[in-house]
Amino acid sequence: MFIDFRKMKNSLERIETIYEEGRVKRLVGLTIEAEGIIPFVGEICYIYNEYNERIECEVVGINQERSILMPFGDVRGISTGSKVIATKKLLTVKISDELLGCVLDGLGRVQIGRSPENYTEFTIDNKPPIAMKRREITEIMQTGVRVIDGTLTCGVGQRVGIFAGSGVGKSTLMGMLARNASADVNVIGLIGERGRELKEFIYHDLGEEGLRKSVVVCATSDEPALIRFKASLVTTAIAEYFREQGKNVILMMDSVTRFAMAQREVGLAIGEPPATKGYTPSVFALLPKLLERTGPSESGAITAFYTVLVDGDDMNDPIADTVRGILDGHIVLSRALAHKNHYPAIDVLKSVSRLMSKITSDEHKQLAGTIRNLLAVYQDAEDLINIGAYVHGSNPDIDKAIQYINQINEYLKQSTTEFTSYEQNLTILKGIFNNLI
């Protein structure tokens, strides 16, 4: 008689062990209170409703002898006395190289593409790399976007914020980065996006070429706040997995503001006091924990681009202000430039890359500085020039700005299908300012 022990082992590993059983005592808004279980915060629990459907929940707080849970799904059918099962497990995501080209939901389950057969289970709430063990950033990250590579050069492992109001071109810029940037893998998190924009981004902005080397995590605005919050952690965990494989990863998250909004909903639901603009203290504690998880490590690097949705184009919004202080640079999209059909609508004078001076050559720094100087001079004198009050020859700096402004604007504009390598970029800049430098 032959006994297949491998088959028996695989079967046993799939059995879900029941540790504790409790009952629902109260349901208010987004939260469920349960008695009879002693779980830890972050533990996954299951509630069985009146139709015997299993609803996955997470423990988000503890109130004396009751556990506070938030569901990942619909609460309909849950009543007082509904059974609650504690699993003693954290939320994990199944990750492998087979996820490339797939679209996942906010909990890391494959929605478009094939589920991986060989995978590693990754916890989604990991610690950032130890600061002293991070590799130094010395290599240039080629994005293929002229204005970024030329005037806001980013390094491999740098973390950059893209700040803009709604409808200024954030998603389009992200699509350009995903298609053109010199990375092995793209991991894209669409947090709180409109359902209409999802397929539009995947099939038009990202395209077949971009999707082939990408993993997309989506949690639309109609999803529960907890799923939108977890989607940000799942996105980061997937990027960390590929970084551990020694790969050069680009992580793009749209947007970190909606991550903060989701955590605000969770925090208020469990009784946290509101602080600045209604955001709870936990929001400002969690932001650095999320953003510091990216960057270089001993094995690989995650270059991160986080979009920040600023209400009413207010760059001093509390979330925008906090994120700007954590990241290694910020790219500001201007609605005024977008209205002039200037795309990508990046305001060079309001944007900065904190590592550009360290990773670029002296010649490149001089060329980028010339663009900034001429743009600043022209902006200060623009009203005088437009009304015809400026007399040519009055100020040599303004004369130079007027001479070069059209060439500079043409350089800063770029169609979504156009790609410019880093070397071509420098050649174009040298051609523009050949007689000036």
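This section describes the cysteines, aromatic pairs and charge–ring contacts of a predicted model. Local features need pLDDT of at least 70 and side-chain atom pairs count only at pLDDT 80 or more, while totals for chains, interfaces and linings use all residues. Residues are numbered from 1 along each chain as its sequence is written, and side-chain values use heavy atoms, with hydrogens and water left out.

The count of disulfides (pairs of cysteine sulfur atoms within 2.5 Å) is 0. Cysteine 102 is in no disulfide; its nearest cysteine sulfur belongs to cysteine 218, 12 Å away. Cysteine 102 has 3% relative accessibility and counts as buried (under 20% relative accessible area; exposed is over 50%, partly exposed in between; 1.4 Å probe, protein chains only). Cysteine 218 is also buried, at 8%.

Aromatic pairs number 5. Rings of Phe, Tyr and Trp (its six-membered ring) pair if their centres lie within 6.5 Å; planes under 30 degrees apart are stacked, over 60 edge-to-face, and the rest tilted. Tyrosine 279 and phenylalanine 284 have ring centres 6.3 Å apart and planes at 75°, so the pair is edge-to-face. Tyrosine 279 is buried at 2% relative accessibility; phenylalanine 284 is partly exposed at 25%. The rings of tyrosine 404 and phenylalanine 433 form a tilted pair, with centres 5.6 Å apart and planes at 45°. Both residues are buried. Ring pairs also link Phe122, Tyr241 and Phe242 into a cluster.

Charges sit over rings when NZ of Lys or CZ of Arg is within 6 Å of the ring centre and within 35 degrees of the ring normal. Arginine 54 places its charged end over tyrosine 46, 3.8 Å from the ring centre. Arginine 324 lies over the face of phenylalanine 163, at 5.7 Å from the ring centre.
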